[in-house]
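Please look over the following model before reading on. The paragraphs below go through some of its loops and then some of its helices.

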Amino acid sequence: ECGRNLVSPKVLATVLAGHVAHHAGDSDLAASLASGTATAALAIDVVTNTNRDRFDVLAIDRAGAQVLLFWSDGGMGLFALPEMAKAPCIDDSVTLHAGELQRGSASHWVDAAIAPLPNRAELLLAAALAGLSAKACDLAVEYAKIREQFGKAIGSFQAIKHRCADMAVRQRLAWYQCCLAALKLEANAPDAAMQVASAKLLAAEAAHENGRACIQIHGGIGFQSECDAHWFVKRAVLYDQAGGSMRHQAERIIAAPRPDW
């Protein structure tokens, strides 16, 4: 639902930050984050550094946040908000600030071996991406019902029907993989990490493809700023990069052992 409604990534960051504070033993901060008294901003890694103790990051919607949430495959941590420069963003419904984080400067850090927080974060992002793809599909279908060409709704044309059907299949497949990954993660299955990476990969692909198809079905109006279709394409680009792009997820899948069906 956060993906469908383009909710700020700050909501996701605050939920995850509460888990970090809890596992780190900071009950006061965990309670503040759970109640909404304190909030966290999401930081995403933009450059793969040789020294993994240093990260070049982009902070999303940092205004008003008390802490910065960042994770890598090795764990998840909370940082004090550093000095950061405002950066341009393809998705102008959010703000971006660029800066640097040092692993050792984290106020709280929870290794992935202690709690699978990075996998939970990837799964929640996958679910948000699935929501983006579902909303893009809904927008396209609704427009196809009312837009007429040659005296008929364009949804009656086979080319549009097939494109809408492909969008629905992509969205369903992404959501079902998210559900499977959630069950695997809850059961602490050996292939949980691979299933989570698969969910993020499929959901990102669905969000990109459905967003583009939605714009195309809208025709000329789809390229206009007053049409909502472009918001879902832009947010898909942002979420795809958070926690590792489609390429990174594909590499994780290839490197994983055979799945335990």
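Asp 61 has a relative accessible area of 13%, so it counts as buried, the limit being under 20%. This is a predicted model, and the values given here are computed from it. Asp 61 sits in the loop that runs between β2 (residues 54–60) and β3 (residues 67–72). Its backbone also deserves a look. Most residues other than glycine have a negative phi. Asp 61 is not a glycine, yet its phi is positive, at about 50 degrees.

The loop between β2 and β3 also holds Ala 65. Is Ala 65 buried or exposed? Its relative accessible area is 9%, which means that Ala 65 is buried. Leaving out residues up to four places away in sequence, Ala 65 touches Lys 10, Thr 39, Ala 40, Ala 41 and Leu 81. Take Lys 10 from that list. Ala 65 and Lys 10 are 55 residues apart in sequence, while their C-alpha atoms are 8.3 Å apart in space.

A positive phi turns up again at Leu 6, which is not a glycine either; here the angle is about 55 degrees. Leu 6 belongs to the segment before α1 (residues 9–23). Its relative accessibility is 23%, and Leu 6 therefore counts as partly exposed.

The next loop to consider lies between β5 (residues 85–87) and β6 (residues 96–102), and Asp 91 is found in it. How buried is Asp 91? Its relative accessible area is 0%, so Asp 91 is buried. The side chain of Asp 91 makes a polar contact of 2.6 Å with the side chain of Ser 93. Once neighbours within four places in sequence are set aside, Asp 91 is in contact with Trp 231, Lys 234, Arg 235 and Leu 238. For another pair, take Asp 91 and His 218: these are 127 residues apart along the chain, and their C-alpha atoms are separated by 20 Å.

Which residues does Arg 103 touch, not counting residues up to four places away in sequence? They are Asp 53, Phe 55, Phe 79, Trp 109 and Asp 111. With Asp 111, the side chain of Arg 103 forms a polar contact of 3.4 Å. Arg 163 is 60 residues from Arg 103 along the chain, and the C-alpha atoms of the two are separated by 46 Å.

Now turn to the helices. Two packed helices are described by the angle between their axes and the distance between the axes. Begin with helix α3 (residues 117–146) and α4, which pack at an angle of about 160 degrees with their axes 9 Å apart. The two helices are therefore roughly antiparallel to each other, an angle over 145 degrees being counted that way. The crossing of α3 and α4 is left-handed. The residues in this contact divide into 20 nonpolar, three polar and one charged.

Helix α4 (residues 158–186) also packs against helix α5 (residues 192–218), at an angle of about 160 degrees and with 8 Å between the axes. That angle is why α4 is roughly antiparallel to α5. The crossing of α4 and α5 is left-handed. What classes of residue make up the contact of α4 with α5? There are 18 nonpolar, six polar and four charged residues.

The last pair is α5 and helix α7 (residues 246–255), whose axes come within 9 Å and cross at roughly 150 degrees. This makes α5 roughly antiparallel to α7. In passing α7, α5 makes a left-handed crossing. The residues of α5 that take part include Ala 193, Met 194, Ala 197 and Leu 201. On the α7 side, the residues they meet include Met 246, Ala 250 and Ile 253. By class, the contact of α5 with α7 has eight nonpolar, three polar and three charged residues.

Conventions. Residues numbered from 1 in each chain as written. Predicted model: local features only at pLDDT ≥ 70, side-chain atom pairs only at ≥ 80, totals over all residues. Heavy atoms only, no water. Helix = DSSP H or I, 4+ residues; strand = E, 2+ residues; numbered from the N terminus. Buried < 20%, exposed > 50% of the residue type's maximum accessible area, 1.4 Å probe, protein only. Contact = heavy atoms within 4.5 Å. Polar contact = N/O pair within 3.5 Å; in protein donor to acceptor, adjacent residues only side chain to side chain. Axes fitted to C-alpha atoms, helices over the stretch in contact; angles between N-to-C directions. Parallel < 35°, antiparallel > 145°, perpendicular 65-115°, else oblique. Left-handed = near helix turned anticlockwise from the far one by under 90°. Nonpolar A, V, L, I, M, F, W, Y, C, P; charged D, E, K, R; others polar.
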